[in-house]
Amino acid sequence: TFSMNNPGTKITQKAKENKYAVISISSKNVGVVSLDLFASPNSKRQILSELFALTEQQEIHVDMIASSEAEVSFCIEEKHLANEKFLELFKEVCPFSFKKNRTVLCIVSPKDVTGQIGVAGRIFTSIAESGVSVEMYSQNASEIAQLIVVKSSEAKKVIKNLHDKLVELAI
């Protein structure tokens, strides 16, 4: 990136056209925190507000978030789950549980996939063929990035299968 004369990835303002369903896969080890909204007397809006205020105060970056009426789950660096101060403050926000040894995969498709039917289906089929269960999922509105959480012990297997099945599969 910083050596423009050397070969490698070049980041530009406009991407070249790409015929593949997936153009990159990255991973990050995380912990997953799940908030039990039904067990809290506070509103979902209040809980989310307090969640983001607390993570900002503790300088914790939220890598991914998924929400339903019953639960809000989010990914943070696992080291923060050993932060007693954070956990004590968080108990005041909402009842929660957490899982360690998880990996969030960011599966990036070219802009050409926006509105295409079946791309997410192919991603999930590839993961299922790996024999792995998805624990958490989020997609951005542009349909370009799919975020998937799996057990860390299974991440390499999923990445390999995604690469084998989708990185070189034309859309």
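Contact here means heavy atoms within 4.5 Å, and helices (H or I, at least four residues) and strands (E, at least two) are DSSP runs numbered from the N terminus. The model is predicted: local features need pLDDT of at least 70, side-chain atom pairs count only at pLDDT 80 or more, and totals for chains, interfaces and linings use all residues. Residues are numbered from 1 along each chain as its sequence is written, and side-chain values use heavy atoms, with hydrogens and water left out.

**Helix α2**
- Phe86, Leu87 and Phe90 are buried (under 20% relative accessible area; 1.4 Å probe, protein chains only) in α2, residues 84–91.
- These buried residues line one face of the helix, because they fall within an arc of 95° seen down its axis, the arc being that of the directions from the helix axis to the C-beta atoms.
- The cover over the buried residues of α2 includes β1 (24–36), α1 (44–57), β3 (71–76) and β4 (96–108).
- Glu84, Lys85 and Lys91, on the other side of α2, are exposed (over 50%).

**Nonpolar cores**
- A nonpolar core is a set of buried Ala, Val, Leu, Ile, Met, Phe, Trp, Tyr and Cys residues joined through side-chain atoms within 4.5 Å.
- The largest has 17 residues, of which Val33, Leu35, Ile47, Phe74, Ile76, Phe86 and Phe90 touch the most other members.
- At least two residues of this core come from each of β1, α1, β3 and α2.
- A second, separate core of 15 residues includes Leu105, Ile107, Val150 and Val167.

**Ser126**
- Ser126 lies in helix α3 (residues 119–129) and is buried, with a relative accessible area of 2%.
- Not counting residues up to four places away in sequence, Ser126 touches Asn161, Leu162, Lys165 and Leu166.
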